Amino acid sequence: MSNRNLKQEFISLIEKHQGIIHKVSRMYCDKEECRRDLFQDILVQLWQSFSSFNHKSKFSTWMYRVALNTAIAQFRKDKKNNEDLTPDVPVNVPEEESFKEKEDRINLVHKAINKLSKAEKAIIILYMDDYSYEEISEISGLTISNVGVKINRIKAKLQKILKELEYGL
Amino acid sequence: MDFDEIKKTWKNSFKDDELLNKEEIEAKLKIKSKSNIALGKVKRNYKLELIIGIGMSIYFIIWMLIYISDEYKLLLSLFTFLFFGTLISFTWRNYNKVRKTVISSDQLKPALVKTIKDIERYVNFNTSTFSKYLLLPFAICFGMFIGIFVGVGEEGMNAVMEILENRIIRIVIILVVLSVIFIPFSQYMTKKMYKQHLDELKQCLKEFEEFED
């Protein structure tokens with residue numbers, strides 16, 4: 001396949017699955033600038049690694065691996081700000097709640113997620129994106145039973161953090 | 001908030017209007033941005049060291065060929081070439097190992113092990129005994145030697161030898177003082193740039209290993 005065709009195939013696949021890059025960038029960066037940089041880094045890394053994609057696994061699975069590996073390996077410039085952040089997250093919420101309440105809830109969830117470690121974020125993002133334990137195992141390299149145990153722990157931790165944030169503990 | 005609610009809220013926080021079309025994706029691929037990942041930084045530093053090393057060696061050799069007397073210019077140029085050649089070849093060897101490396105599409109843990117190894121190779125070289133106690137003092141000696149040569153001007157090698165003989169203690173003291181200042185400084189800079197990040201990655205790897213316990 002010529003480089004031009006390869007690039008077109010890549011761009012089509014990215015257009016279809018770009019939500020993964022947005023989710024990973026949001027998960028690992030609280031600030032807009034950091035998110036933009038990480039998005040760019042992931043996109044470039046995906047393109048540079050595309051020739052190694054062997055079509056044996058699903059594209060989305062392969063994409064998640066590269067995206068998470070890039071996010072984990074990034075330098076965090078804004079570490080100090082992470083402790084006290086109100087993420088500048090664009091919102092898209094159901095209509096029945098007041099805008100302010102929904103915005104607060106989304107910010108709270110992102111703030112809680114941001115307090116997880118890099119490894120925990122990698123597992124929970126896959127779970128929240130409705131990946132099965134088998135798929136999470138395939139991406140992370142953990143055994144299926146370990147994935148189950150770890151997800152339960154992270155869920156409990158996340159709920160605890162949320163409770164602390166809600167009640168200002 | 002139960003977990004289903006957390007999940008729903010998280011999913012709802014992504015807007016469709018953030019999605020890029022094909023043209024925008026292609027445009028982003030054309031942007032030559034500075035990568036913020038560790039491997040990108042290591043590659044950039046190797047490149048910078050190579051450019052500086054090659055530039056300095058060319059500058060010194062040309063300078064010697066023009067200003068040093070015929071008697072010593074060949075010897076000193078050869079000496080300079082060997083010094084910078086060794087330095088550049090070490091840097092090139094290490095750079096060559098990472099220059100075509102891209103972020104792995106392996107599973108997270110093996111990919112992390114590989115990333116740590118790549119960064120450690122860079123840090124280890126800069127913090128090695130060879131680099132600390134041989135390369136750096138040698139570079140200082142070289143700089144001092146060139147300085148003396150510039151200082152004596154037309155008087156040539158005899159004047160240089162005279163200075164070395166008469167002021168050897170002073171020269172050794174300067175060498176020791178400069179080494180005492182520059183060795184910790186270079187170690188501090190390497191650690192500042194990479195150590196903290198390396199520790200973070202190792203902590204992450206440790207977590208993945210603990211997941212398996």
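Two residues are counted as being in contact if their C-beta atoms, placed from the backbone, lie within 7 Å. With that in hand, the predicted model can be explored from its chain pairing down to a single residue.

On one side, 52 residues of chain A take part, and they are in contact with 45 residues of chain B. Helix 3 of chain A gives the most, with nine residues. By residue type, the side of chain A that touches chain B is made up of 25 nonpolar, 18 polar and nine charged residues.

Across the chain boundary, A:Q40 touches B:K28, B:I31 and B:S33, leaving aside residues up to four places away in sequence. Within its own chain, A:Q40 is 19 residues from A:I21 in sequence, while 9.2 Å separate the two in space, C-alpha to C-alpha. Is A:Q40 buried or partly exposed? A residue needs 20 or more other C-beta atoms within 10 Å to be buried; A:Q40 has 19 such neighbours, so A:Q40 counts as partly exposed.

Another view of the pairing comes from helix 5 of chain A. Two packed helices are described by the angle between their axes and the distance between the axes. The axes of helix 5 of chain A and helix 1 (residues 3–12) of chain B come within 9 Å and cross at roughly 105°. Angles of 65 to 115 degrees count as roughly perpendicular, so helix 5 of chain A is roughly perpendicular to helix 1 of chain B. Helix 5 of chain A contributes A:R105, A:I106 and A:V109 to this contact, and helix 1 of chain B contributes B:I6, B:T9 and B:W10. Of these residues, four are nonpolar, one is polar and one is charged.

Chain A can also be read as two parts, with domain 1 (1–79) and domain 2 (94–169) in the domain assignment. The centres of these domains, taken over C-alpha atoms, are 21 Å apart. Eleven residues from domain 1 and eleven residues from domain 2 form the contact. On the domain 1 side, helix 2 and helix 4 of chain A are the elements giving two or more residues, and helix 4 gives the most, with five residues. That side divides into six nonpolar, two polar and three charged residues.

Conventions: Residues are numbered from 1 along each chain as its sequence is written. Chains are lettered from A and ligands numbered from 1 in the order in which they are written. This is a predicted model: local features need pLDDT of at least 70, side-chain atom pairs count only at pLDDT 80 or more; totals for chains, interfaces and linings use all residues. Helices (H or I, at least four residues) and strands (E, at least two) are DSSP runs, numbered from the N terminus. Ala, Val, Leu, Ile, Met, Phe, Trp, Tyr, Cys and Pro count as nonpolar, Asp, Glu, Lys and Arg as charged, and the others, Gly among them, as polar. A residue is buried if 20 or more other C-beta atoms lie within 10 Å of its own, exposed if 12 or fewer, and partly exposed in between; C-beta atoms are placed from the backbone. Axes are lines fitted to C-alpha atoms, for helices over the stretch in contact, and angles run from 0 to 180 degrees between N-to-C directions. Angles under 35 degrees count as roughly parallel, over 145 as roughly antiparallel, 65 to 115 as roughly perpendicular and the rest as oblique. Domain bounds come from an automatic or database domain assignment.
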